[in-house]
Amino acid sequence: MLDANAADMSSTAVTLLLLTAAALATSPESEPASRPTCDTHDADVRITKEEFEVESGELLRSCHGDIQVRKCEGTCDSQVRPSVVTASGFLKFCQCCRETWMTQREVLLTHCYDKAGQRLYGDRGSMAITVREPEGCSCHSCGDGPATP
C-alpha cells in the first residue's frame, strides 16, 4: 500500500508542476527581461541620387550629400520559455524597436557631377530630394508591420 500512495503523490506532484509551468508560461509580460531602451537617434548618412534622361536612359548627373537622419535603435523585451501548452514546446514573446510614425522632409544634395565626373554649379549643382524618417520609436511585436505615415 505504501508504494501505491507514493505513486499517487508523485503523479499529483507532476500534475501540479505541469499546471504551474503552464500558468507561468502563458503570461510573458509578467517577467520583463530588462527595461526597453527603444528611441530615436541621429545618424549621419551619405545619400547619392542619380538623374537619367527619360528617353535614352543616359545619366545626366549624379548628386550626393552627407545628411543627418533619425533612426530607431535600442532594446526591447524578448524571451523564449518552455511551455507545455504550445505545440512547439516553447512560448515565444518577441518585441522589436520600430518606428511609431514616419515623417518626410526635403534635403538638399549639394555635390553634383555630370556623366564625365565634372562638378556642376548653379541650378544643376544641387538636387532636392525627399527622405522619410521615423518621428518616434517604440517596442512592437516582431510580427507587426511597420507603422504607416
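A residue counts as buried at under 20% relative accessible area, as exposed at over 50%, and as partly exposed in between (1.4 Å probe, protein chains only). This is a predicted model, in which local features need pLDDT of at least 70 and side-chain atom pairs count only at pLDDT 80 or more, while totals for chains, interfaces and linings use all residues. Residues are numbered from 1 along each chain as its sequence is written, and side-chain values use heavy atoms, with hydrogens and water left out.

Let's start with the layout. Along the sequence they follow the order α-β-β-β-β-β-β-β. Of the 149 residues, 23% are buried.

Now to the charged pairs. The whole structure holds 8 salt bridges (a side-chain nitrogen of Lys or Arg within 4 Å of a carboxyl oxygen of Asp or Glu). Here are some of them:

| Salt bridge | N to O distance |
|---|---|
| Arginine 46 and aspartate 66 | 2.8 Å |
| Glutamate 133 and arginine 70 | 3.5 Å |
| Glutamate 133 and arginine 105 | 2.5 Å |

Glutamate 133 lies in strand β7 and arginine 105 in strand β5 (residues 95-109), so their pairing ties together parts that are 28 residues apart in sequence. Glutamate 133 is buried, with a relative accessible area of 2%, whereas arginine 105 is partly exposed at 31%. Arginine 70 is also partly exposed, at 26%. Arg70, Arg105, Glu133 and Glu135 are linked in a salt-bridge network. As for the pair of arginine 46 and aspartate 66, both residues are exposed.

Technical notes
Helix = DSSP H or I, 4+ residues; strand = E, 2+ residues; numbered from the N terminus.
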